[in-house]
Amino acid sequence: MNISKVSGKNKKHKVFLYALSTCVWCKLTKQYLIDSNIEYEYVDVDLADEKDKQKIRDTIQSKGGMLSYPTTIVDDKVVITGFRKDKLNEALEL
Amino acid sequence: MITLEEVRRRAEADAKTYGYYLTPQPDLLRGFFEGLKTNEDRYGYPLCPCRLASGNFEYDRDIICPCDYRDPDIAQYGSCYCRLYVNKQVYESQNLPEVPERRPPEKMARAYETQAAPAKQAHAGEAQEAEKAKPMVKKKLWYCKQCGYVVFREDPPYVCPICKAKRELFAEIDSAVEFNG
């Protein structure tokens, strides 16, 4: 799977973002994490191959998430659907 | 290849036809147009930039922009799921609402199915192969009891595009005619 890592000073939480390369709200989420100095990893699901898409679906659903993008998973347990600054701030202690 | 200007013109014309507005934030708007252009170049149709495509037209039909869910979402929340199309009130207030996904989970799941793959349009020589790859979407004829509009699709529309009648006013046409394609 083509996972990209974005470095940041704040490594307090493990942050993984499932995004679409065409989605404005996913881009805003990426930019917000960068602006907040959060280190995170992401995958653009629309560019993933079929097997990876199925793995991504299973992972998101196993954590109780919906198949909507962006989906941010913090510390493998907190699932945030959509670009929600309030929820990101709460989960990332910003 | 479609140009950004063509994508913009099409969205503006559609908003005007339906009495909607495009999102009041220029940066967002440009992002939507770029996403739509990327998807149209990639799949051959302007798939919703905020949703995952299967790449198969029949599976993606309901999320081709403007999607099936736009009208009911604007009626309920003042905005479509992406927040590309909004109503006057949202446009003027500039406060974009949160819009939950209305697309049924079983349709979203199709984007992850293996057989959904072939994205290209079938050419003459590939027709047989395309036939095999054709997804199992059972289309039916539906008619609007209010105005008589007829549509050949898997589900009836949420809102009649002609007279704005609700989905409940659509009924299936019991037809013995065989449709191919």
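**Interface and sheet architecture of the predicted complex**

In the predicted model, 16 residues of chain B are in contact with 17 residues of chain A (contact: C-beta atoms, placed from the backbone, within 7 Å). The main contribution to the side of chain B that touches chain A comes from helix α2 (residues 26–43) of chain B, with six residues; helices (H or I, at least four residues) and strands (E, at least two) are DSSP runs numbered from the N terminus. This side of chain B comprises nine nonpolar, five polar and two charged residues (nonpolar: Ala, Val, Leu, Ile, Met, Phe, Trp, Tyr, Cys and Pro; charged: Asp, Glu, Lys and Arg; polar: the others, Gly among them). The predictor assigns the complex an ipTM of 0.94 and a pTM of 0.86.

Chain A contains an open, mixed sheet of five strands in the order β1-β3-β2-β4-β5, where pairing requires at least two DSSP bridges between two strands. Because β1 (4–6) and β5 (78–81) of chain A stand at the edges with a single partner strand each, one side of each has no neighbour in the sheet. β1(A) runs antiparallel to β3 (residues 40–44) of chain A, to which three bridges join it; A:K5 has A:E41 in β3(A) as its bridge partner.

Chain B has an average pLDDT of 88, and 85% of its residues score at least 70 (pLDDT: the predictor's confidence in each residue, from 0 to 100). Over residues 116–120 of chain B, pLDDT stays under 50.

Residues are numbered from 1 along each chain as its sequence is written, while chains are lettered from A and ligands numbered from 1 in the order in which they are written. As the model is predicted, local features need pLDDT of at least 70 and side-chain atom pairs count only at pLDDT 80 or more, whereas totals for chains, interfaces and linings use all residues.

Terms used
Contact = placed C-beta atoms within 7 Å.
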